[in-house]
Each structure stands twice: as structure tokens, then as C-alpha cells.
Amino acid sequence: MRYDFVFISAALACLLVGEALGIWMGIAHDFTLSPAHAHLNLLGWVTLALYGLIHRAYPALSQSPAAFAQCGVAIAGSLALPADIAVSILTQNPTLAIIASFAVLIATATFAAMFVRKAGA
Ligand code: HEM
């Protein structure tokens, strides 16, 4: 699978939505969802784009048996966490955000293990 293309496409989708949310916040003078905007841009755009560029720089990463699951969990977590942060702010209930944050952490730890095993070989 072209993980670089998948990651960067997902990252660009996050950037478009994150920027649109930023513009809306500015127009509405309502910054309540600012942490959701920040996480969609930094986790969704920056982190996913970096995963894509690192896959491009180290093609051996795509041979890892964990690559497909890591990609799915990373993208799902990067979409879920900003949405769940918004839910947490609006409902004062952080449960979903806590669950999503562990998905993001698992994706990061998996990518780190893939990197050490495959890119260093
Ligand atoms: C069209 C593009 C963008 C617009 C219109 C926009 C707008 C905003 C606005 C209105 C705020 C709230 C400011 C406040 O609370 O006083 C904000 C916060 C923030 N934005 Fe953006 N933004 C954009 C793109 C980005 C991008 C690309 C990133 C990161 C890669 C980013 C990261 C952040 C961060 C880290 C915060 C602070 C969040 C916080 O303090 O909770 N923004 N942005």
C-alpha cells in the first residue's frame, strides 16, 4: 500500500477542516473549540503528514507487518481525538477523549517500534 499517499491525503483533509474551523472561530469570535482546532491541525495535519513523509524516506517501513494497523489506528485516532476534545469541552465529559488519546499513543508507539526495526536495518 502507498502509505505515504494515504497519510498525506488524510493529513490534507484534516488541514482543510482544521483551517475551516479556525476561520469560523475567528468570524464568530468564539474560541471555545480552540483546543479541538489545535489538535486537528497538529495531530491530523502535522503528525499524519510526517508519518507519510517518513514512510517516503524509509520505504522499508511499509514491509512491517504492523504498518497497515498502525496507519488505520493513527488516522482514526487523529480524527477521533479532536472530535472527542470538542465533545469533552461541550459536555464536560472527557471519557471519549481519554479513549482516543490512548489510540493515538498506541499508534505512536507502534510507529516508533516499526522505525527502529525497519529503518535502522
Ligand atoms: C486558515 C488557517 C487558520 C485559522 C484561520 C486559525 C485560527 C485560529 C484561531 C481563531 C485560534 C484561537 C485563538 C485564540 O484563542 O485567541 C487558533 C488557535 C490555535 N491554532 Fe489556529 N488557525 C489556522 C491554522 C492553524 C494551523 C495550520 C495550526 C497548526 C499546524 C494551528 C494551530 C493553532 C494552535 C496551536 C492554537 C492554540 C490553541 C489553544 O490555545 O488552545 N492553526 N487558530
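Q: Donors are N, O and S atoms within 2.8 Å of the metal, or 3.2 Å for Na, K and Ca, and sites may look incomplete since water is not among the atoms. Which donor from the protein does the iron atom of the ligand have?

A: The iron atom has a single protein donor, NE2 of His37, at 2.0 Å. His37 lies in helix α2, which covers residues 34-57. This is a predicted model, where local features need pLDDT of at least 70 and side-chain atom pairs pLDDT 80 or more, while totals for chains, interfaces and linings use all residues. Residues are numbered from 1 along each chain as its sequence is written, and side-chain values use heavy atoms, without hydrogens or water.

Q: How many helices and strands are there in the protein chain?

A: Helices (H or I, at least four residues) and strands (E, at least two) are DSSP runs, numbered from the N terminus. The protein chain has four helices and zero strands, in the order α-α-α-α along the sequence. Its C-alpha atoms fill a box of roughly 50 × 25 × 20 Å along the principal axes.

Q: Which residues of α1 are buried?

A: Buried means under 20% relative accessible area, exposed over 50%, and partly exposed in between (1.4 Å probe, protein chains only). The buried residues of α1 are Tyr3, Asp4, Phe7, Ala10, Ala11, Cys14, Leu15, Gly18 and Met25. They pack against α2 and α3 (67-91). Of the 121 residues of the protein chain, 36% count as buried.

Q: What does Trp45 touch, not counting residues up to four places away in sequence?

A: Contact means heavy atoms within 4.5 Å. With those sequence neighbours left out, Trp45 touches Ala11, Leu12, Cys14, Leu15 and Leu40. Trp45 is in helix α2 and is partly exposed, at 28% relative accessible area. In the protein chain, 73% of the contacts with a separation of 6 or more come from residues 24 or more positions apart.
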